[in-house]
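The sequence and model are shown first.

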Amino acid sequence: APAPAVDYEALAQELQGASPLEIMDRALAMFGSDIAIAFSGAEDVALIEYAKLTGRPFRVFSLDTGRLNPETYQLFDKVEKHYGIRIEYMFPDAGEVQALVRAKGLFSFYEDGHQECCRARKVRPLRRALRGLRAWITGQRKDQSPGTRAAIPVVQVDPSFEGLAGGAGSLVKWNPVANVDGKDVWTFLRAMDVPVNALHAQGYVSIGCEPCTRPVLPGQHEREGRWWWEDAKAKECGLHKGNIDDQGGAAAAAAAAHKAGGANGNGSAGAPDIFESSGVVSLTRAGVENLLRLESRAEPWLVVLYAPWCPFCQAMEASYLELAERLGGAGGGVKVGKFRADGEQKAFAQQELQLQSFPTILLFPSRTARPIKYPSEKRDVDSLLAFVNSLR
């Protein structure tokens, strides 16, 4: 029997309060190899990171218009190497671009609008890409463009493009970061230490083709750097038109102790315990194994894998206890725990909990089985809180 039709409006309502990670996991689970991430900007690097964190296979495609900044091409290369993937590039039709440039010159968009050039270099190549898919994943956010993206749902039947089966309704569009503020996307990118476009450090926010992108000034909206000669509320290229609406030896010894269990893995059995607080649950191996087994948890868990003799664990004790207080308070909604992972537990932690060095911090999301390892050496409260809030 054919699979029952999905009510995507109802699904969008169901997922309205879900995290981008949960939305990404649902999208990849539903469509498998028939879905791909559309990659060009910072939000899309976040999407690739979320896809990687699900542990599911994923595809990525991008539109090479022929007029991108060198820094953008360098980003493509860095992303491919960082994630071990190959981006599926789509190019404009050479004949169509040749005819346009011969008839109107290289910069006609400054005189009569950008839509004609965007149709040839972006929209039509996108149509070709989408005809080989049943769904696609975009980095659209509601706060990106005043007047044009304010009503974006997290999932929808694509109102503009056709998918593999052809015809209206044949393509599904997923927007996992639709409800995420731009600053929170950047907090996530910094927390996960992923590649970003070097132009962002030069004042660029929204980045497209080189002739049509410039830095924005303080106080300007991010889209004001795109097609700046046109109306600020109509800055769309057509891809998403359906959504318009030392110490010497001591330092070396500390670094060596940082590695899990040192040379023999036993550490110092006589060191007093740390992370002692009513807000931090001391987990046994059985407790950790139970967390690993659960496909769904009532609340997310943040767990530090530690050794009490480790100076790096000792150094982060105060910040972790403060974090536990903040996450366990009213509205926090996150359980905070600790698991001593040296000695007899070292091999288990290395095999099952991604332990490489102390401390290792893991987030067990409420609706995702796989624990997510905190990738940064920054262990202050704000950085840890940003990591949790990006994935909870």
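## Strand β1 and its partners

Strand β1 pairs with strand β4 (residues 135–137) in the parallel sense, over three bridges. Two strands are taken to pair if DSSP finds at least two bridges between them, and strands (E, at least two residues) and helices (H or I, at least four residues) are DSSP runs numbered from the N terminus. Within this pairing, Ala36 stands opposite Trp136 of β4. Strand β2 (residues 60–63) also runs parallel to β1, joined by two bridges; here Phe61 is the bridge partner of Ala38.

Strand β1 (residues 35–38) is covered on both faces: Ile35 and Ile37 on one side, and Ala36 and Ala38 on the other, are all buried. Buried denotes under 20% relative accessible area, exposed over 50%, and partly exposed the range in between (1.4 Å probe, protein chains only).

## Basis of the values

This is a predicted model, in which local features need pLDDT of at least 70 and side-chain atom pairs count only at pLDDT 80 or more, while totals for chains, interfaces and linings use all residues. Residues are numbered from 1 along each chain as its sequence is written, and side-chain values use heavy atoms, with hydrogens and water left out.

## The five-stranded sheet

An open sheet of five strands shows mixed pairing in the order β7-β9-β8-β10-β11. Its edge strands, β7 (281–282) and β11 (372–373), each pair on one side only. Strand β7 pairs with β9 (residues 335–340) in the parallel sense through two bridges, and Val281 stands opposite Gly337 in β9.

Of the eleven residues of helix α14 (residues 381–391), nine are buried; among them are Val381, Leu384, Phe387 and Leu391.

Ser19 lies in the loop between α1 (8–14) and α2 (20–31). Ser19 counts as buried because its relative accessible area is 6%. Leaving aside residues up to four places away in sequence, Ser19 touches Leu391 and Arg392, contact meaning heavy atoms within 4.5 Å.

## A nonpolar surface patch

Leu106, Phe107 and Tyr110 make a nonpolar surface patch of about 290 Å². Patches consist of residues with over 30% relative accessible area and no salt bridge, nonpolar side chains (Val, Leu, Ile, Met, Phe, Trp, Tyr) being joined within 5 Å and like charges within 9 Å. A salt bridge is a side-chain nitrogen of Lys or Arg within 4 Å of a carboxyl oxygen of Asp or Glu.

Leu106 is located in the loop between α5 (94–104) and α6 (109–112). Leu106 counts as partly exposed because its relative accessibility is 46%.

Notes. Areas by Shrake-Rupley, 256 points an atom, 1.4 Å probe, with all protein chains shown as cover.
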